[in-house]
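Below are my notes on the model. Please read them with the structure open.

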Amino acid sequence: MAPMQNKVICVLVLVSMLALGTLAQTQTEECEVAPEERENCGFPGITATECTSRDCCFNDSVRGFPWCFHPKAIEVPPEGTTFLYHGI
Ligand SMILES: *[C@@H]1O[C@H](CO)[C@@H](O)[C@H](O)[C@H]1NC(C)=O
């Protein structure tokens with residue numbers, strides 16, 4: 001038996017789950033920026049492909065505002081954490 005190996009695999013699984021969870025979170029949340037708060041990331045007429053390859057968000061549903069913009073930086077949301085602890 002190799003209990004050490006099991007432990008290593010366990011840690012690896014845990015770490016990859018955490019990494020995936022963080023990725024999924026940032027992807028769903030950080031591109032939701034109010035049009036008036038958007039900071040232009042590209043140039044007028046930039047394509048979605050060019051925009052996302054710069055690690056920026058593309059949303060052309062709001063005319064008159066930048067289509068390609070920097071994602072909102074989501075660090076640790078203090079409000080969300082407090083809410084979570086209140087719930088428990
Ligand atoms: C684009 O932005 C608008 C305004 O913030 C939002 O309502 C809409 O859901 C966004 N569309 C996409 C595809 O993210």
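1. The ligand has A34, P35, N59, S61 and V62 around it, a residue being near if its C-beta atom, placed from the backbone, lies within 6 Å. This shell comprises three nonpolar, two polar and no charged residues (nonpolar: Ala, Val, Leu, Ile, Met, Phe, Trp, Tyr, Cys and Pro; charged: Asp, Glu, Lys and Arg; polar: the others, Gly among them).

2. This is a predicted model: local features need pLDDT of at least 70, side-chain atom pairs count only at pLDDT 80 or more, and totals for chains, interfaces and linings use all residues. Residues are numbered from 1 along each chain as its sequence is written.

3. The protein chain has a mean pLDDT (the predictor's confidence in each residue, from 0 to 100) of 79, and 70% of the residues score at least 70. Among its elements, the mean is lowest for helix α3 (residues 78–87), at 58, and highest for helix α2 (residues 48–53), at 95.

4. The protein chain contains three helices and two strands, in the order α-α-β-β-α. These are DSSP runs numbered from the N terminus: helices are H or I, at least four residues, and strands E, at least two.

5. Of the 88 residues in the protein chain, 10% are buried (20 or more other C-beta atoms within 10 Å of the residue's own; exposed means 12 or fewer, partly exposed in between, with C-beta atoms placed from the backbone).

6. E37 lies in the loop between α1 (3–29) and α2. E37 counts as exposed because it has 9 C-beta neighbours inside 10 Å.
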